[in-house]
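Me: Please take me through the structure below, with the cut-offs behind each term you use. I would like each answer to end on the value or name I ask for.

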Amino acid sequence: PSGVLHFIADLSGWWNLYTWDSGSIQNLYPKDAEFAGAAPGWQLGQQNYCFLPDGRCLACFADRDLGASRLVDLSTGKEYGQEEGLPRYFGGMNPSPDGHLYFLGGDPAKAPGLYSWSLGQGEAKMLLSSMKEDMQVDDGYISKPELIEFPTANGETAYGFYYPPSNCDFSAPEGEAPPLLVKAHGGPTAQTSIVFNPALQFWTSRGFAVLDVDY
């Protein structure tokens, strides 16, 4: 708004938000986190930062420790997440002149949709769901993911979301481990999403465990 260029770059090895002003580059919120969204940077239409009518800049990023999205007010450094009423995953933000923030979001038990939220003013309201009401799945059949990490090549650490089997009508014999499906998303720069996925829940509701590797 003040004529200062804002941009996202991976100068630190992570996609952070920067400004360029009078030949000087500044990282607005240095963090080992991705501010560029879940899709590759060469896909158009992503908007993970925006400006409120009063000029403040908001940005969202993926918190790998929580396995969830976080929102930060860059003027104060205050972060917002599920405890402030936001869904577990969100992005594509668009502010309105009346102060409301509109964005796309969802969580493992709820189909993604369009949300409205006033900064720090209670729970975000879903305005429109991507799934019809009569197609919603009962919570007893939905598997909730657990963020895990495990060692991989060259001494590195890999991450993934583990979905245990979940079906309120059946239970496995005590001590028996479920069959495991391992899923890998496309690349080279995308990441997986934990929003409700019917194709994944098909398997977990039928006794399979799923590991959705996130890299």
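**Charged pairs, strands and selected side chains**

Me: Does D54 count as buried or exposed, and at what relative accessibility?

Reply: Buried stands for under 20% relative accessible area, exposed for over 50%, and partly exposed for what lies in between, with a 1.4 Å probe and protein chains only. This is a predicted model, in which local features need pLDDT of at least 70 and side-chain atom pairs count only at pLDDT 80 or more, while totals for chains, interfaces and linings use all residues. Residues are numbered from 1 along each chain as its sequence is written, and side-chain values use heavy atoms, with hydrogens and water left out. On that scale D54 counts as exposed, at a relative accessibility of 52%.

Me: Which aspartates form salt bridges with R56?

Reply: A salt bridge is taken as a side-chain nitrogen of Lys or Arg within 4 Å of a carboxyl oxygen of Asp or Glu. R56, which is partly exposed at 29% relative accessibility, meets one aspartate at 2.9 Å, N to O, and another at 3.0 Å, N to O. The partners are therefore D54 and D73.

Me: How many residues apart are D73 and R56, and where do they sit?

Reply: Helices (H or I, at least four residues) and strands (E, at least two) are DSSP runs numbered from the N terminus. D73, buried with a relative accessible area of 2%, belongs to strand β6 (residues 68–73), whereas R56 lies in the loop between β4 (49–51) and β5 (57–63). The pair thus links distant parts of the chain, and its residues are 17 apart.

Me: Which two strands does the salt bridge between K183 and D212 connect?

Reply: The side chains of K183 and D212 meet at 3.6 Å, N to O. K183 is partly exposed at 32% relative accessibility, while D212 is buried at 2%. Placed 29 residues apart, they connect β14 (residues 180–184) with β15 (residues 209–214).

Me: How many salt bridges are found in the whole structure?

Reply: Side chains of opposite charge can pair when their charged atoms come close. Besides separate pairs such as K183 with D212, there is a network of salt bridges linking K31, R70, E79 and E83. A search of the whole structure gives a total of seven.

Me: What is the average twist in the open sheet of three strands?

Reply: Two strands are called paired if DSSP finds at least two bridges between them, and here the order is β1-β2-β3 with antiparallel pairing. The edge strands, which pair on one side only, are β1 (5–9) and β3 (24–27); β1 is joined to β2 (residues 16–21) by five bridges, and L5 stands opposite W20 in β2. Axes are lines fitted to C-alpha atoms, for helices over the stretch in contact, and angles between N-to-C directions run from 0 to 180 degrees. From one strand to the next, the twist averages 30 degrees.

Me: Which residue in the hairpin of β8 and β9 takes a positive phi?

Reply: Strand β8 (residues 89–95) pairs with strand β9 (residues 100–107) in the antiparallel sense over five bridges, and F90 faces G105 in β9. Four residues lie between the strands, and the one with a positive phi, near 95 degrees, is G99.

Me: Which backbone oxygen lies 2.6 Å from a polar atom of the S143 side chain?

Reply: S143 is in the loop between β11 (125–129) and β12 (146–151), and it is buried at a relative accessible area of 1%. Its contacts (heavy atoms within 4.5 Å), leaving aside neighbours within four places in sequence, are P108, Y163, P164, S166, Q201 and T204. The backbone oxygen in question, at 2.6 Å, is that of P164.

Me: At what distance does the N27 side chain reach the backbone nitrogen of Y29?

Reply: N27, in strand β3, touches N16, L17 and Y18, not counting residues up to four places away in sequence. A polar contact is a pair of N or O atoms within 3.5 Å; within protein, one must be able to donate a hydrogen and the other to accept it, and residues adjacent in sequence count only if both atoms are side-chain atoms. The backbone nitrogen of Y29 is reached at 3.1 Å.

Me: How far from C60 is the nearest cysteine sulfur?

Reply: With a disulfide taken as a pair of cysteine sulfur atoms within 2.5 Å, the structure holds zero disulfides. C60 is buried at 1% relative accessibility, and the nearest cysteine sulfur, that of C50, is away by 8.3 Å.
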